[in-house]
Amino acid sequence: MSKAVAAAATWLTSCRSWKLNLLLLIAGGLNVFAFEPYGFWQIQTLGLALLFIVLLAPAPEQQSYRRVMLQSGLYSFAWLTTSISWLVIAMSRYGGMPWPLAVLALIVLTLFLSLYSAAFAALSLYLRRRFALSRLQVLLSIFPAVWMLTEWCKGWMFTGFPWAIAGYAHTNSPLAAYAPVAGVYGLSLLAAMLAALLATTLLPAVSRRTRWAALAGIAVLLLSGAALHEVRWTQPLGNTLQVRLLQGNVDQDLKFQQERLNDSLRLYFDMITAAPADLIATPETALPTLSSMLPEDYLPRINAFAQQSGSTVLLGLGVQDAADKYSNSLLGFSPQYKARAYRYDKHHLLPFGEFIPFGFRWFVKLMHIPIGDFSGAGLYQMPMAVKDQFVMPDICYESLFGEEIAEQIRVRHAASEAVPSILLNVSNLAWYGDSIAMPQHLQFAQMRVLETGRPLISATNTGATVIIDASARVRQQLPYQQQAVLQGAVQGMQGVTPYIQFGNGLALGVALLLILLAVVARRRGH
């Protein structure tokens, strides 16, 4: 075994650059199988271990910033391109962009996002050289910490795009139990640590004792995660809600055609009024028109049904507040909101989908991307009261930002008022066809449940329309791309997880501590 490992390590160090780059491209591309609908999280561990070994193999004086940035960038480029390839469907099939331009736009985006991974490699090499760190210090402290920090930066810089970051692959791995403590970025740190420990066992120059210690570290990470899984951070609150989640399955090609507008309005009116429930939720933009363009009696009739049946209805549509101001919203009607409808406006808008980032209007014109600018609301919006529960909505892309959801719960809990007990996501993923975008989005929603200890219900146009319990298990789900209604019961939860209390602070603190310990230990000669 040791001879085989030594031979592999020798091959990596002597391999021609183009072969090594090709290997990293393949390993990065395979990461798509670490996420749903495949769920082989072990592939990510193996791929990251390979990347770490490649970056670590040469002596620091033999490395160049250009080389390590290229190697890490290629790995990330392939990872991202395979994971979000469904963007081509939205841009070409539904956006009217010629498919070669759509592919080019995807490549431009993933090349830009790969700069974070390139920065990871550059900063790691800088720290290695600046403080003369040993290979094990770099592998076990610097690589995991810097990897996590660059993924965290990807989640907020330029409004953030944390799709398919490392931590999301572990909703069903033993590491999942750490999510209520440190969130998805904490899982990214642990995933990189797991890969670093695996890489340590494969290094030819380490002692047998070090290999056994690394194997013990892997066992501790996985077994402690299994033990932590038994901890219950939140407790049931009040009575269960009976919910009806509507999946209209309206073809995206037809949804916004003027002659089809009445069909969509009639479809959702009939689905809403078919039966009462504690909560009835429609998908994002279920009504494919602005509120100002609806028939005058449409919303009053929805409100009348809610008042007469004792139901709460959350309706997705675009709300126009002025000639040039409109938002992606949910309007709520219920006996608890007689004077005025509840309203939630999407606050974290999708770049190149709902607004044009500063300085990129030239790119939108060049790529012929058919978008406009929406107005965003503030982060702190009231959840909606439904019986003895408070339901906190978010719309589509917002479900990727766990720190924002946790922050809203923390603030409400600190004020002891209107503390959300159930999470609701409404989405329209029909833009991406029958692609892996739907199961990926569902996996990210499960991460929000793990982080907050609260159940999540989701109403979507084509899927995934689901009920997820507080342990992140999918209790009920409609088939993709079928018109149907999901009926079920949801139990609200109370209490706060460590992640709600501290947000990303714990993961960031551990990452910075790892770097500090490596530097201090080296200066003291350890």
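# How the terms apply to this model

Visitor: Which elements each supply at least two residues of the lining of the largest cavity?

Guide: They are α4 (65-83), α6 (99-130) and α7 (135-154). This is a predicted model, in which local features need pLDDT of at least 70 and side-chain atom pairs count only at pLDDT 80 or more, while totals for chains, interfaces and linings use all residues. Residues are numbered from 1 along each chain as its sequence is written, and side-chain values use heavy atoms, with hydrogens and water left out.

Visitor: What makes something a helix or a strand?

Guide: Both are DSSP runs, numbered from the N terminus: a helix is H or I over at least four residues, a strand is E over at least two. By that rule the chain has 17 helices and 15 strands.

Visitor: Why is a space called a cavity and not a pocket?

Guide: On a 1 Å grid over the protein atoms alone, a cavity is a set of points where a 1.4 Å probe fits but cannot get out. A pocket is an open set with protein on both sides within 12 Å along at least five of seven lines. Lining residues, for either, have an atom within 4 Å of a point. Four cavities of 30 Å³ or more are counted by this rule.

Visitor: What volume does the largest cavity have?

Guide: About 90 Å³. Volume here is the space filled by probe spheres set on the grid points, which are joined across faces, edges and corners. The lining includes Trp79, Tyr116, Phe120, Trp147 and Glu151, and α7 gives its largest share, four residues.

Visitor: How do you know which class a lining residue belongs to?

Guide: Ala, Val, Leu, Ile, Met, Phe, Trp, Tyr, Cys and Pro count as nonpolar, Asp, Glu, Lys and Arg as charged, and the others, Gly among them, as polar. The lining of the largest cavity therefore divides into seven nonpolar, three polar and two charged residues.

Visitor: What volume does the second largest pocket have, and which residues are the closest to its centre?

Guide: Its volume is about 610 Å³. Of its 32 lining residues, His229, Leu450, Ala470, Ser471 and Ala472 are the closest to the centre. Two or more lining residues come from each of α9 (208-228), α15, β12 and β14 (484-490).

Visitor: What makes two strands a pair?

Guide: DSSP must find at least two bridges between them. Strand β10 (residues 422-427) and strand β11 (residues 456-460) have five, in the parallel sense, so they qualify as a pair. Asparagine 425 has serine 458 in β11 as its bridge partner.

Visitor: Why are β8 and β13 called edge strands?

Guide: The open, mixed sheet of six strands runs β8-β9-β10-β11-β12-β13. Strands β8 (384-386) and β13 (474-477) each pair on one side only.

Visitor: Where does the cis peptide bond of proline 37 lie?

Guide: Proline 37 is in the loop between α2 (17-29) and α3 (41-56), and its cis bond with glutamate 36 has an omega of about 10 degrees. Another cis bond runs from glycine 463 to alanine 464, with omega near 0 degrees; alanine 464 lies in the loop between β11 and β12.

Visitor: How do you know whether the chain agrees with a compact globule?

Guide: The globule rule is 2.2 Å times the number of residues to the power 0.38, and the radius of gyration is taken over C-alpha atoms. For 526 residues the rule gives a radius near 24 Å, and the chain has 24 Å, so the two agree.
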